[in-house]
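The sequence and model come next.

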Amino acid sequence: MNIWVLSHLESSPGTQRFLDAAHRRGHEAQRVHPLDLELLIDAQLGLGYRGEPRELPDVAFTRMGATSPPASLNALLQLQALGVPVINDPRALWTTRDKVRCSLTLASVGLPVPRTIVPGRQLAPGWIEAQLGPPPRVVKRPEGCKGEAVFLVKGEAEIAAHTSDASQAPVLVQRFVAESSGVDLRVL
């Protein structure tokens, strides 16, 4: 089986372990940077690789986290449109890249999520407290990983500092779940 592991990282222990395991099982496997693929888009879709036509893989496995270039999802969509099974689905990756989209998706299928507000441009004083109860709160940027741009705030002034440019860079404000302090649950 010919497997492409799509990753923007030149070296990743997880990607290397996957490639090694595939080779041990007799598969042809290689890491492909998604932005090295040329997408040919017209009535007949096609794909090039570093300026050359390339036989499509039997399957594409993604190793693309939050730090991969957003345009890399286009390569996955193109592979899918060409009939290549893509694991994980690019639409799922697109959803997980944004905490608002992800929270909406999880809540829409009935999974519990902390009560969350994405403030509008003109937030009325006291509205967050009326919706979430007393502080503290968690304020997050919609994009990011590994706890970057996540803040525990204790008062309205701190929230205002994070939401003042919500029209340019929206944030999520969540009820702080005290029993989760120091515990991280990652849902894949």
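## Basis and terms

A residue is called buried under 20% relative accessible area, exposed over 50% and partly exposed in between, with a 1.4 Å probe and protein chains only. The model is predicted: local features need pLDDT of at least 70, side-chain atom pairs count only at pLDDT 80 or more, and totals for chains, interfaces and linings use all residues. Residues are numbered from 1 along each chain as its sequence is written, and side-chain values use heavy atoms, with hydrogens and water left out.

Helices (H or I, at least four residues) and strands (E, at least two) are DSSP runs, numbered from the N terminus.

An open sheet is built from 4 strands in the order β2-β1-β6-β7, with parallel pairing; strands count as paired if DSSP finds at least two bridges between them. Its edge strands, β2 (28–32) and β7 (86–87), each pair on one side only. Strand β1 (residues 2–6) is joined to β6 (residues 59–62) by 4 bridges, and the two run parallel. Trp 4 stands opposite Ala 60 in β6.

Helix α1 (residues 13–24) packs on this sheet and touches β1, β2 and β6, where contact means heavy atoms within 4.5 Å. The direction of α1 makes about 160° with that of β2. Axes are lines fitted to C-alpha atoms, for helices over the stretch in contact, and angles run from 0 to 180 degrees between N-to-C directions.

## Ends of helix α4

Asp 98 caps the N-terminal end of α4 (residues 99–108), with a side-chain oxygen 2.8 Å from the backbone nitrogen of Val 100. Just after α4, Gly 110 takes a positive phi of about 90°.

## Salt bridges

The structure holds 3 salt bridges, each defined as a side-chain nitrogen of Lys or Arg within 4 Å of a carboxyl oxygen of Asp or Glu. One of them joins Glu 10 and Arg 31 at 3.1 Å, N to O. Glu 10 lies in the loop between β1 and α1 and Arg 31 in strand β2, so this pair ties together parts 21 residues apart in sequence. Glu 10 is exposed, at 65% relative accessible area.

Asp 36 and Arg 50 meet at 2.8 Å, N to O. Asp 36 is in the loop between β2 and β3 (37–40) and Arg 50 in the loop between β4 (46–49) and β5 (52–53), so the linked parts are 14 residues apart in sequence. Asp 36 is partly exposed at 22%, while Arg 50 is exposed at 55%. Asp 89 and Arg 91 also form a salt bridge, at 2.6 Å, N to O; Asp 89 is partly exposed at 23% and Arg 91 exposed at 53%.

Methods. Polar contact = N/O pair within 3.5 Å; in protein donor to acceptor, adjacent residues only side chain to side chain.
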